[in-house]
Amino acid sequence: MQSAEEAGRKAAEKPLDQMTLVDLDVIECPYATYEKLREQAPVFKDPVAGFYILSRYEDVVKALKDTRTFSSSIAEVLIGEADRMRAEDFGGYPNVDTLITVDPPKHKFYRGPINKVFSAQRVDEMESYIAEIVNELIDSFIDTGQCEFVSQFTVPLPLIIIADQLGVPRDDMALFKEFSDALTTQISGIANRDQRIWAAKKSVEFQKYFAKVLDEKRANPTDDIISDLVRARMDDGEQMSTPELLSILNQLLAAGNETTTNSLSKGLLLLCQHPDQMQLVRDNPAMIGKLTEEVLRFDGPVQGLMRVTTCDTEIAGTPIPQGAVVMLRYASANRDACQYQNADRFDVARGDQAGHLAFGLGTHFCLGAMLARKEMNVAFRIILERMKNIRLAAEGNAPTHEPNVVLRGLKELHLVFDKA
Ligand code: HEM
């Protein structure tokens, strides 16, 4: 039987007019396809998905910096106008564009107050609190010498943290995971009709849950992000409406969880696949920060995100018409040999990770980047201190990824280790 890697390479050997990102072999192992696109068709119209793909670092950066031409007004594209399946169609609040789906100057209107709520100081002060949760999760499986790392560690860690920060009970974590899965399903690019109906209904449940929390925090504010957000004043002196706040909370919950979960799982998989790199970091704990950056550069959880063109334009000499959906492939840009030496090598010690696009760039640069980096740094440090001889439970049986064109995450990761 051919391995997933072979299948990924085979998919990249197809003629260009048959290549697509909506292909399970490419989703599993996309990097050979990205390489071919960078070399042969850096501005490529995907024949199945219908969007244009930018795969080179330089071109992705150019589009990210030109928010006038490459607009983030993509909510309709993501959720699907033709086959409407949105919360409001199932009795929920109307969708309001905030943050990730609005362009400047309106973007600043929302980002300003939220930057204050998500301050560097708030994240810096979280170090020992994050360490405590990391230790508690490891305590739950350390004596067994084995774990299913995704469900036992990387899913709960960011969920617990965001629940605490938002000021909602940890006991509702299973519910938050479903809410976050609903958004992931909506943007997966390959969800079928039933899955999209499920996701729209879940997003109504999400709205009802958090509309109640918003009312409670308005009446009795506490020390948490939701209380700060309901009191925040926008530039016009007004407070945000419930639909606006729900849109922001949805992004915090969904954008923050899945991505951090996937980065943590990928980090451990990469360390198991590169024992020399694991040893290097064990011997030099000061390199933990570089490990985090290299995991994000090498195989980031957000493979790409979309923009829509506001006028006819061109990139690298290829015309792109007005109204085209353009996929900025961050994960391909991060492997561009014009930007990184030995780009396909997982090399924690490399000096050129800075500038990777795993968190985007410019206007929409990830709001939670500081928090995600802190969670990854603390988790990797404590895992390497407490777990020795970490390896895959089934050697040679590579874990597989969730089917999703936009986000990349492992389904499961079975590890064995010795307790330190
Ligand atoms: C390793 C973890 C993470 C990765 C790789 C990641 C990646 C990204 C990327 C690529 C963008 C840019 C979107 C664009 O270009 O349109 C983004 C935006 C965003 N992220 Fe993250 N993210 C992570 C964690 C988080 C966390 C922990 C939170 C919050 C708790 C968060 C909240 C957001 C929000 C709200 C935006 C929209 C910002 C805006 O449009 O102004 N992310 N993220």
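User: Let's start with Thr313. Where is Thr313 found?
Analyst: Thr313 sits in strand 6, which covers residues 313-315. Keep in mind that this is a predicted model.

User: Is Thr313 buried or exposed?
Analyst: Thr313 counts as buried, because its relative accessibility is 19% and the cut-off for buried is under 20%.

User: And which residues is Thr313 in contact with?
Analyst: If you skip the neighbours within four places in sequence, Thr313 is in contact with Thr69, Phe70, Thr318, Pro319 and Ile320.

User: OK, on to the ligand. How many residues surround it?
Analyst: There are 26 residues around the ligand. The closest ones are His107, Arg111, Tyr330, His364 and Cys366.

User: How do the residues of that shell divide into nonpolar, polar and charged?
Analyst: The shell around the ligand has 16 nonpolar residues, eight polar ones and two charged ones.

User: Which helix gives the most to the shell?
Analyst: That's helix 14, with six residues in the shell around the ligand. Helix 14 spans 242-273. Helix 6 (106-117) and strand 5 (305-309) also supply at least two residues each.

User: What lies 2.6 Å from an oxygen atom of the ligand?
Analyst: A polar atom in the side chain of His107 does. His364 also has a polar side-chain atom by a ligand oxygen, at 2.7 Å. For Arg307, an N or O atom of the side chain is 2.9 Å from an oxygen atom of the ligand.

User: What about the iron atom of the ligand, which donor does it have from the protein?
Analyst: The iron has a single protein donor, the SG atom of Cys366, 2.3 Å away.

User: Where does Cys366 lie?
Analyst: Cys366 is in the loop that runs between helix 17 (330-333) and helix 18 (369-386).

User: New topic: helix 1. Which residues of helix 1 are buried?
Analyst: Helix 1 covers residues 4-13, and its buried residues are Ala7, Gly8, Ala11 and Ala12.

User: Why do those buried residues line one face of the helix?
Analyst: Looking down the axis of helix 1, the buried residues fall within an arc of 140°, so they line one face. As a general point, an α-helix has 3.6 residues a turn, so residues three or four places apart point the same way.

User: What do the buried residues of helix 1 pack against?
Analyst: They pack against helix 2 (24-28) and helix 3 (31-40). On the other side of helix 1, Glu5, Lys10 and Glu13 are exposed.

User: Got it. Now His401, where does that lie?
Analyst: His401 is in the loop between strand 9 (387-392) and strand 10 (414-419). His401 is buried, with a relative accessible area of 8%.

User: Which side chains does a polar contact join to His401?
Analyst: The side chain of Lys266 makes a polar contact of 2.8 Å with that of His401. The side chain of Arg408 makes a polar contact of 3.4 Å with the side chain of His401. Leaving out neighbours within four places in sequence, the residues in contact with His401 also include Glu28 and Leu410.

User: Last one, Thr154. Which helix does Thr154 lie in?
Analyst: Thr154 is in helix 9, residues 149-154. Thr154 is buried, with a relative accessible area of 0%.

User: Which residues does Thr154 touch?
Analyst: Not counting residues up to four places away in sequence, Thr154 touches Phe149, Thr261, Leu264 and Ser265.

Terms used:
Residues numbered from 1 in each chain as written. Predicted model: local features only at pLDDT ≥ 70, side-chain atom pairs only at ≥ 80, totals over all residues. Heavy atoms only, no water. Near = heavy atom within 4 Å. Polar contact = N/O pair within 3.5 Å; in protein donor to acceptor, adjacent residues only side chain to side chain. Helix = DSSP H or I, 4+ residues; strand = E, 2+ residues; numbered from the N terminus. Nonpolar A, V, L, I, M, F, W, Y, C, P; charged D, E, K, R; others polar. Buried < 20%, exposed > 50% of the residue type's maximum accessible area, 1.4 Å probe, protein only. Contact = heavy atoms within 4.5 Å. Donors = N, O, S within 2.8 Å, 3.2 Å for Na, K, Ca; no water. Arc of directions from axis to C-beta.
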